[in-house]
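The entries follow the order in which I made them.

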Amino acid sequence: MSTAPPAQNTEQFFAKGQLHGPWPDVSTWGRMMPGPGAPASASTIVAVLAATVVAAVSLPLDQPGLGWLITALAGGIALLVARPATSAVPPLVIRPARRRRGDQLFWGVATIALLGVGTFRAAGWLFALCLLTATLTFALAIGAGRSIRAMLTTYLMAPRAILRSLPWLVRGLARMRRTGNGPAPIRIIATLAVSVVLLTVFGLLFASADPTFARLFDTILPDLRVDGMFRWIFICCLAAPVFGGAAFLLAAPPDLTELDHTEGRKVSRLEWAVPLSLLTLLFAAFVVVQLVPLFGGDRHVRTTAGLTYAEYARGGFWQLCFVTGLTLLVLAGAARWAPREAPADRTVFRAVLGPLTGLTLLIVASALIRMQAYIDIYGLTRLRLLVACCEVWFGVVLILVLLAGIRIRAPWLPRVAIATGVLALLGLAVANPDLMIARNQVDAPVGRIDVAYLSDLSPDAVPAVIELSDARDRSCVLYHLGLTIADSDWQAWNLGRSTAMDLIGNGAYPMDPDGCAALTRSGA
């Protein structure tokens, strides 16, 4: 006689509470981002809180400055110690640990370097580009994917990581208990509170006794006004979730390997080689027909009726953008759908895409020639400088595409292309673009100096502006640039503004505001 219990279905077990979780998340997001298997460690909680406080004290929201670099360094240090707590009791479920890749350190350093640009350059447009690029490098530093799809997925999983990091940190905070002979966490907090009170009381007494120390104390002491307190709260509400979500992802890197595979359903050689070969012939015909306008330069512009340098340069740039984008898309599609297992397939792959990439490089060279001719005639501006930098970067990407065709498979290509773009942006920041533009204007012939444009540059341009030969133009431009330099706290200290302030001085270049405004409007 059987003694086995009567059979029950799964729904009955769930209804009677005989099966207990927590159950693993089998959804797509749950598989890619399972999360740490243990609460946050005490060091992680302390580091995240410390980085949040540093951000609240030092981050200037309205302008680039030293505080951005300090916040980035504090956040980087906090994320280096992010890890789950350890326990003497072995876990029931052991999740495989994913090691951090070596390039994640590079992306982290790049993020700090991009945010540090605001410490040295006063150009707001340049820092905005660096800040936008820093979000991409930050996603690469905390993510674990290699492909473009994996990088975009890291952006999408950020809100989910922030929401999941809150209970993870709370469980870690509740787990903090007195262990061994060390002090309890509540005693550590009390010690810090007593230290702050003592330093504040005695600091105020010393400040009342000596004016020099009072100025130093006011500089170091945080802004305790009502608007300053609201600013603190806003930055804490912004920084804490970012640091917490990043620590959550670094403690258990997401598994994005299934997104890194670019192999798709293959098509036959005839289906992809014929249209791409015809496309390559079309590009070759375009380059042959355009040989004279592509490399004609100044002579072609002078001998062509109705053609201006603006049309000459802009045409080359848009050709570059279109052809480069098309080439990259074609390569990505061929990498996914073109068969490459057989030697004949790989030969056809190289024979079709290699010439297409080489023809695009010719258009890159043409665009650079056109832009240089445009700059020689009309001078350097921010837009023209950015266009030239983009053209050089596109050319580097195309060379990487050619190198990738040697071994056909190139999982490194997206990350290396992004890395070259980041390095190009950092190189532009080191070159000081506003100063370059100002020097180009100053060296222009008399009568072609754009006073209005010089007045719209940042204080980075002051070392070149003081070399203007016309005293009226020099005073006018320095008057306008001096209006953008205001006294600020140490959080917003900037090398460019500090240098400009030293060169301009206090009232060294007085100017009639009405006359200067009229001069800049006319562009004389």
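Which residues is valine 465 in contact with, leaving aside its neighbours within four places in sequence? I found Ala438, Arg474, Val477, Leu478 and Leu481, taking contact as heavy atoms within 4.5 Å.

I note that this is a predicted model, in which local features need pLDDT of at least 70 and side-chain atom pairs count only at pLDDT 80 or more, while totals for chains, interfaces and linings use all residues. Residues are numbered from 1 along each chain as its sequence is written, and side-chain values use heavy atoms, with hydrogens and water left out.

Of its 80 residues, Leu126 and Val465 touch the most other members, and helix H10 (residues 226-251) gives the largest share, 9 residues. Helices here are DSSP runs of H or I, at least four residues, numbered from the N terminus. Another core, of 25 residues, lies apart from this one and includes Leu331 and Phe349.

My last entry concerns arginine 384, which lies in helix H17 (residues 382-407). Is this residue buried or exposed? Arginine 384 counts as buried because its relative accessibility is 16%. Leaving aside neighbours within four places in sequence, I found arginine 384 in contact with Met371, Tyr374, Ile375, Tyr378 and Gly379.

Note on methods: Helices (H or I, at least four residues) and strands (E, at least two) are DSSP runs, numbered from the N terminus. Buried means under 20% relative accessible area, exposed over 50%, partly exposed in between (1.4 Å probe, protein chains only). A nonpolar core is a set of buried Ala, Val, Leu, Ile, Met, Phe, Trp, Tyr and Cys residues joined through side-chain atoms within 4.5 Å.
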